[in-house]
Amino acid sequence: MEQLLMLVMILVVFYFFMIRPQMKKQKELKNFRANLAKGDKVVTIGGIHGIILEIADSTILLSSEGTKLRFEKSAISQSAAEQLATAK
């Protein structure tokens, strides 16, 4: 009985410290990507900073230092303002 209780406690701790925060982060990222708008400054997963010029169904056209690049929405990691705030 004690072993079963210990296993349940380990699973509860694992859920609250590992699974739940990850699910919350994924939900916030999904909402962020759904609310992107033309003119927003964003950072891609690869570290490219740019301004959104156009948004299609699953792609985004970014302008970065005179270059236009098309990315999947899933490649956008955060806004440039968030990136600056976390860097400080």
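Author: Leaving aside neighbours within four places in sequence, Ser-79 is in contact with Phe-32, Lys-41, Val-42 and Val-43. Contact means heavy atoms within 4.5 Å. Residues are numbered from 1 along each chain as its sequence is written, and side-chain values use heavy atoms, with hydrogens and water left out. The model is predicted, so local features need pLDDT of at least 70 and side-chain atom pairs count only at pLDDT 80 or more, while totals for chains, interfaces and linings use all residues.

Where does Ser-79 sit? Its place is in strand S5. Strands here are DSSP runs (E, at least two residues), helices are DSSP runs too (H or I, at least four), and both are numbered from the N terminus. Ser-79 counts as buried because its relative accessibility is 16%. The cut-offs are simple: buried is under 20% relative accessible area, exposed is over 50%, and partly exposed is in between (1.4 Å probe, protein chains only).

Now follow one contact partner. Val-42 is found in strand S1, residues 41-44. Val-42 counts as buried because its relative accessible area is 1%. Beyond four places in sequence, the contacts of Val-42 include Phe-32, Leu-36, Ile-48, Ile-52, Leu-62 and Ile-76. Ser-79 is on that list as well, along with Gln-78 and Ala-80. Ile-60 gives a distance to check: its C-alpha atom is 11 Å from that of Val-42, and the two are 18 residues apart along the chain.

S5 and helix H1 (2-34) each supply at least two residues of the lining of the largest pocket. A pocket is an open set of points on a 1 Å grid over the protein atoms alone, where a 1.4 Å probe fits, with protein on both sides within 12 Å along at least five of seven lines; lining residues have an atom within 4 Å of a point. The volume of the largest pocket is about 230 Å³. That volume is the space filled by probe spheres set on the points, which are joined across faces, edges and corners.

Which element gives the largest share of the lining? H1 does, with six residues. Among the lining residues are Gln-22, Leu-29, Phe-32, Ser-77 and Gln-78. The lining divides into two nonpolar, four polar and three charged residues.

Glu-65 lies between strand S3 (59-64) and strand S4 (67-72). Glu-65 counts as exposed because its relative accessible area is 83%. Glu-65 is not a glycine, yet its phi is positive, about 50 degrees. Ala-56 lies in the loop between strand S2 (49-55) and S3. Ala-56 counts as partly exposed, because its relative accessible area is 30%.

Last, the whole chain. The protein has two helices and five strands. Along the sequence they follow the pattern α-β-β-β-β-β-α. The C-alpha trace spans about 65 × 35 × 20 Å along its principal axes. Of the 88 residues, 20% count as buried.

Conventions. Ala, Val, Leu, Ile, Met, Phe, Trp, Tyr, Cys and Pro count as nonpolar, Asp, Glu, Lys and Arg as charged, and the others, Gly among them, as polar.
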